[in-house]
Amino acid sequence: MVVSAQEATQTQTWKAVFTDLALDSVSSIRLETHYRTFDFFGSRAQYIIRPSYTKKIHPWISLSGGYSYLGNTKAGNTLDEHNLWEQVFFAIPYKKATFFGWLRVEQRLMEQMGSEFAYGARARFRMGLRYPLAALVHGKVDFMIFNEVFLLTEGSLPTTFNQNWTFFGFRIPLAPKAILVSGYQRITAGNGAAAVQKNLWSSILFVRL
């Protein structure tokens, strides 16, 4: 970790497994497990357990909702977060490419250093693109890029910048029911003197049961 007068820079890895089970032709449940470390393979920075339910309402649009438990490491302590979230997701094909994104809102209970919990809400806006590069046995390898902005909300309106994620990498089919998304992710959290820049190698394995 490098610290300057204006910002801190961290290097981390983020590993996750998303397991999906279809309930019928339009609905499914998912369990996400995330594990993030400091300094690539150093100590634990965060872990997340996130069950959710998704229903497709249009060939291009789906609705999701779920619960997240987060364990966040701060100053050597693990601070818990519990949140409920709702999401509208879209994926629109255009020629060879697919444009995708979501609007997600979160209602958060965040543990403070004094063991009390504070309430907050947040909106997340993601926009991205997938473009096929090459064919493999189990499907096409896609180049993938997205940007996601997090805004804190007051009432029902987003008001304050929280963080920004930028990702670019590859979506690789490993088997008929397994896909790996892996690449570089840049996170800017906070602003001004409190800004933190995080450079991550992020990998998510998607598995369909």
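**Figure 1. Strands S3 and S4 pair in an antiparallel arrangement.** In this predicted model, strand S3 (residues 27-38) and strand S4 (residues 44-58) run antiparallel and are joined by 11 bridges. Helices (H or I, at least four residues) and strands (E, at least two) are DSSP runs, numbered from the N terminus, and two strands pair if DSSP finds at least two bridges between them. Threonine 37 has arginine 44 in S4 as its bridge partner. The two strands form a hairpin with 5 residues between them. In the turn, aspartate 39 has a positive phi of about 50°. Residues are numbered from 1 along each chain as its sequence is written, and side-chain values use heavy atoms, with hydrogens and water left out. Because the model is predicted, local features need pLDDT of at least 70 and side-chain atom pairs count only at pLDDT 80 or more, while totals for chains, interfaces and linings use all residues.

**Figure 2. Strand S4 also pairs with strand S5.** Strand S5 (residues 61-74) runs antiparallel to S4, and 10 bridges join the two. Glutamine 46 stands opposite asparagine 72 in S5. Between S4 and S5 there are 2 residues, and the strands form a hairpin. In a regular strand the side chains alternate between the two faces of the sheet. Strand S4 also contains histidine 58. Histidine 58 has a relative accessible area of 35% and is therefore partly exposed; buried means under 20% relative accessible area, exposed over 50%, and partly exposed in between (1.4 Å probe, protein chains only). From histidine 58 to phenylalanine 90 the distance is 9.1 Å, C-alpha to C-alpha, although the two are 32 residues apart in sequence.

**Figure 3. Tryptophan 14 and tryptophan 165 form an aromatic pair.** The structure holds 8 aromatic pairs. Rings of Phe, Tyr and Trp (its six-membered ring) pair if their centres lie within 6.5 Å; planes under 30 degrees apart count as stacked, over 60 as edge-to-face and the rest as tilted. The ring centres of tryptophan 14 and tryptophan 165 are 5.4 Å apart and the planes lie at 75°, so this pair is edge-to-face. Because tryptophan 14 belongs to strand S2 (residues 7-22) and tryptophan 165 to strand S10 (residues 157-175), the pair ties together parts that are 151 residues apart in sequence. Tryptophan 14 and tryptophan 165 are both buried. A further aromatic pair, formed by tyrosine 94 and phenylalanine 99, is tilted, with 6.4 Å from centre to centre and 50° between the planes. Phenylalanine 99 counts as partly exposed because its relative accessibility is 38%. One aromatic cluster is formed by Trp14, Phe150 and Trp165.

**Figure 4. Arginine 104 lies over the rings of two tryptophans.** A charge sits over a ring if NZ of Lys or CZ of Arg is within 6 Å of the ring centre and within 35 degrees of the ring normal. Arginine 104 lies over the face of tryptophan 85, at 4.2 Å from the ring centre. Its charged end also sits over the ring of tryptophan 102, 4.4 Å from the centre of that ring.

**Figure 5. A salt bridge joins arginine 30 and aspartate 20.** A salt bridge is a side-chain nitrogen of Lys or Arg within 4 Å of a carboxyl oxygen of Asp or Glu, and the count comes to 9 salt bridges. The side chains of arginine 30 and aspartate 20 meet at 2.6 Å, N to O. This pair links distant parts of the chain, with arginine 30 in strand S3 and aspartate 20 in strand S2, 10 residues apart. Arginine 30 counts as partly exposed at 26% relative accessibility, whereas aspartate 20 counts as buried at 15%.

Figure 6. Glutamate 148 and arginine 126 form a salt bridge in which the closest N and O atoms are 2.6 Å apart. Glutamate 148 is buried at 0% relative accessibility, and arginine 126 is buried with a relative accessible area of 12%. A salt bridge of 3.2 Å, N to O, is formed by the side chains of arginine 130 and aspartate 142. Salt bridges that share partners join Glu106, Arg122, Arg124, Arg126 and Glu148 into one network.
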